[in-house]
Amino acid sequence: MSAAMVVPFLDLRAAYVELQHEIDAAIRRVLDSGSYILGEEVAAFEREWATACGAAHAVGVANGLDALVLALRALGVGPGDEVIVPSHTFIATWLAVSQCGATPVPVEPDPMTYNIDVRRIEAAITARTRVILPVHLYGQPADLDAVLDIARRHGLRVVEDAAQAHGARYRGTPIGAHGDLVAWSFYPGKNLGAVGDAGAVTTNDAALADAVRTLGNYGSRVKYVNEVIGVNSRLDPIQAAVLRAKLPHLASWRARRAQHAARYSAGLAELPLVLPEVPAWADPAWHLYVVRVAAGSRARIVDALHAAGIATLIHYPIPPHRQAAYAGVSSARGPLPLAEQVAGELLSLPMGPHLTDEQCGHVIDALVGIVRDEDRP
Ligand SMILES: *Cc1c(COP(=O)(O)O)cnc(C)c1O
């Protein structure tokens, strides 16, 4: 083990370097085309992404948050409506609901997978509930059959937040068209990342795809004819071109992530850490590899890893209901102790297709030297 080894959390530049030729050519193609809004590059990516997701339609949008907002608005979600969301997620899941004027109703995580606990969803349904919004957090598919069954029995719609789930599979089927609409982010750090903001919505429903497209283009199908109060949220053609260059590599990059995950899980198995649990039906995207430690031990472990040259992150340190933006939600809905507990205990280890085997081994060796019995959560 080299004392000087540095392990970044995620090396975004390495993805560019690996595909520099293709990415440079893709950007030049857009510049040369003279077509800088929508056009063939965006249309081609939409077709290719729909195919990759096993969905009939993909609509490019400006970012992942907009993908969620436009998906909810396409279903008519608005003021007075409630949307069931995980209590443990990235804030964008909640913000999307709030941007529609609706109310996010949090449901606690399954303590094994950190995804929405499907056993707790029905208790959160009211006469105002319109949509269940599961998140495939860390790239682990949520239990979609259970969510879809509850939705069917209660007459609700399902929007999936797949911002971390590119290439993940649920019972052998790619994430992308199980629910009514699926929202994607291509933020640079995601498993399929642009070189700026980008997003998409996938669906099997032509009318919903059309509604997302119209809402994201000024509420207009025909130029200067505005049917609804829409927004400007279009996928940029340069981002579409970069995504097209990267898409053929998504599967092999996912495989490299899975190899690192397997290596971590084997190398850390004897330590008093809680490691990721993968349900039999899940084929994760391994966006993140997240372990759990005692809350009181986390800062010491982070510092010791940092001293060994290893970067870590916490996803996420403050749950949405504890944010100033959502002051009052927890008192209205009762406490959310599981969201608070995991926020205090989770720790994300370096993960990405350009992490080397040596770097992965260095993280394991360092943790073996750092973690003690009292760190068990
Ligand atoms: C990244 C992310 C989003 C938002 O995506 P942006 O493109 O940054 O707007 C939404 N939900 C989850 C779970 C995310 O990880």
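This is a predicted model: local features need pLDDT of at least 70, side-chain atom pairs count only at pLDDT 80 or more; totals for chains, interfaces and linings use all residues.
Helices are DSSP runs of H or I with at least four residues, numbered from the N terminus.

**Ligand surroundings**

- The residues around the ligand are N63, G64, L65, F90, A92, V135, D161, A163, Q164, S185, Y187 and K190.
- Sorted by class, this shell comprises six nonpolar, four polar and two charged residues.

- S185 places a polar side-chain atom 2.6 Å from an oxygen atom of the ligand.
- G64 has a backbone N or O atom at 2.7 Å from an oxygen atom of the ligand.
- For L65, a polar backbone atom lies 2.9 Å from an oxygen atom of the ligand.

**Helix α5**

- Helix α5 spans residues 91-99, and its buried residues are A92, T93, W94, A96 and V97.
- One of these buried residues, A92, also belongs to the surroundings of the ligand.
- Just after α5, G101 adopts a positive phi of about 85°.

**Strand β4 and T129**

- T129 is located in strand β4, which covers residues 129-132.
- T129 counts as buried because its relative accessibility is 6%, and the cut-off for buried is under 20%.
- A polar atom of the T129 side chain lies 2.8 Å from the backbone nitrogen of T126.

Conventions:
Residues are numbered from 1 along each chain as its sequence is written. Side-chain values use heavy atoms; hydrogens and water are left out. A residue is near a molecule or strand if one of its heavy atoms lies within 4 Å of it. A polar contact is a pair of N or O atoms within 3.5 Å; within protein, one must be able to donate a hydrogen and the other to accept it, and residues adjacent in sequence count only if both atoms are side-chain atoms. Ala, Val, Leu, Ile, Met, Phe, Trp, Tyr, Cys and Pro count as nonpolar, Asp, Glu, Lys and Arg as charged, and the others, Gly among them, as polar. Buried means under 20% relative accessible area, exposed over 50%, partly exposed in between (1.4 Å probe, protein chains only). Helices (H or I, at least four residues) and strands (E, at least two) are DSSP runs, numbered from the N terminus.
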